[in-house]
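Here is a brief report on selected local features of one model.

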Amino acid sequence: MTSSSHNLTRATDDVVIVGGGLAGLFCALKLAPRPVTLISAAPLGQGASSAWAQGGIAAAVADGDTPEAHAADTIAVGGGIVDETVALGIAREAAPRIHDLLAYGVPFDRDLEGRLAVGREAAHSARRIVHVRGDAAGAAIIAALSEAVRRTPSIRVIEGLVAEALLTEDGAVTGLQLREAGNLAARPIMLTSRAVVLATGGLGHLYAATTNPLEASGSGLAIAARAGAVIADPEFVQFHPTAIMVGRDPAPLATEALRGEGATLINGDGERFMLAHHQLAELAPRDIVARGVFAEIAAGRGAFLDAREALGGRFAERFPTVHASCIAAGIDPAAQPIPIAPAAHYHMGGIAVDARGRSSIDGLWAGGEVSSTGAHGANRLASNSLLEAVVYAARIADDIAGRAIPSPARLPDALVTPRGGAPDAAAVKRLRAMMSARVGVIRDGNGLADAVLNFSKLEREATSIAVRNVAASALLVAASAWSRRESRGAHFRSDHPAEIPMLARRTMTTLAAVREMADGLADRPLPRTAQPMIA
């Protein structure tokens, strides 16, 4: 049910889950019949990146495939910093979680013999991606789980509220400060609970070019970081190489499965350019493909996805979502190449969590894209994100079920941030432009230092808590990217293009640490190339 907001200013014995995407919905269902309050900024089923996922879920369910092979592929593309135990554990739990989703009503595609149909995507050594109607897996999964959540009496759904601060006391969670979405001048709402699960998604919308919805602004990462949580690997942002460039924000996505079916990447001269970059050409790891596409665009030749020969007239039936996006923009993908560019797609970093989804703050769990488990390393393997979300959502539910949660804390005497403040839309627009220009597909030290200084100033001076949270997440990414003076996975430094073996370790940092780094940079003169973009 949906509850009014005024009666939330109280303590609750419920487990509070923030986020209506795959991790949040699945965790709430797994906790049943334990009372759960699910907070979602957007109406349930909307505003979640998982609802937009076209690829599907990677799972070794086909004959001849194994979890060990799946884990090996994950490790191979992860840039040397994948936690191998985590990768294998997730791969081994894939089949049971797929069966859970089937039980919740997800209509995965099947072959003529009734078995789960599997497709292949980049850097997988076998066909192991389960789909729904070709490219509609995310939407179908979220629709089925949303319906299951609404049918579950132990789950209270509260829509239209944004979590803007985490309440803590003596290193433990005591609750959340919430506010009505889209009305930051509204009176804050306090909700106290000793068990909070953040499943708020990623931060792709911090970039000017992204495939992520508006809600993916890094808010969950920011509120955990501002409360002191350890943040892992924030510099590693995956750019999807084939966002459809038709002037929409966010950009529609041309799923990787198109290349799995034989679509090629060509430039404006009609030449296949990925052959020169990697032996797997179009099916190379995403970071390599993204840089290849970026280089063609930077050289003025443009980049296009060409499915005319591979799919032709079958395009609309096989990939209806992509087809609809193209047709709406006046492109017939059966007869024309699709204009593409890399766009921020997935954050490998996030709130550092252990194998049970526990963060460094007692009583705070995190699942899905807002978390960092170590499974993806420096470069996520295609279709592993939805799998990780359901595996960790189930683990979090098991962990909470197996421990006694203390009684709720008293309501705090004062608000964490008394005023919401009017968001500065111009400042956010400049931040997004700077993230794409300085902290994007190709980075360098001067540009990153420039970004760190700008984001630090904005985070310190913003009068709007929403803008402050955006700046905090951007600062974490930029400062960690500045610190990693090598190229690894999705993090590419043009001034440090080599991978350095001794740096093959995960980043663990805090907001306090990156603020201190920014203060140190502020004592140095800005490089001549730097242009302040955020006032």
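S383 sits in the loop between strand 19 (371-372) and helix 11 (384-401). Helices (H or I, at least four residues) and strands (E, at least two) are DSSP runs, numbered from the N terminus. The model is predicted: local features need pLDDT of at least 70, side-chain atom pairs count only at pLDDT 80 or more, and totals for chains, interfaces and linings use all residues. Residues are numbered from 1 along each chain as its sequence is written, and side-chain values use heavy atoms, with hydrogens and water left out.

S383 has a phi near 65°, a positive value in a residue other than glycine. Most residues other than glycine have a negative phi. S383 is buried, at 5% relative accessible area. Buried means under 20% relative accessible area, exposed over 50%, and partly exposed in between (1.4 Å probe, protein chains only).

A281 is another non-glycine residue with positive phi, near 50°. Its loop runs between strand 14 (264-267) and helix 8 (286-298). A281 is buried, with a relative accessible area of 5%.

## Cis peptide bonds

Most peptide bonds are trans. The bond joining A32 and P33 is cis, with omega about 10°. P33 lies in the loop between helix 1 (22-31) and strand 3 (36-40).

From D249 to P250 the peptide bond is also cis, with omega near 0°. P250 belongs to the loop between strand 13 (237-244) and helix 7 (257-260).

Three strands form an open sheet in the order 4-6-5, with antiparallel pairing. Two strands pair if DSSP finds at least two bridges between them. Strand 4 (57-58) and strand 5 (118-119) are the edges, each pairing on one side only.

Strand 4 and strand 6 (residues 129-130) run antiparallel and are joined by two bridges. I57 faces V130 of strand 6.

## Helices 13 and 14

Helix 13 (residues 445-461) packs against helix 14 (residues 465-483) at about 155°, with axes 8 Å apart. Axes are lines fitted to C-alpha atoms, for helices over the stretch in contact, and angles run from 0 to 180 degrees between N-to-C directions. The two helices are therefore roughly antiparallel (over 145 degrees).

The contact (heavy atoms within 4.5 Å) includes L448, V452 and F455 of helix 13, and R468, L475 and W482 of helix 14.

Methods
Parallel < 35°, antiparallel > 145°, perpendicular 65-115°, else oblique.
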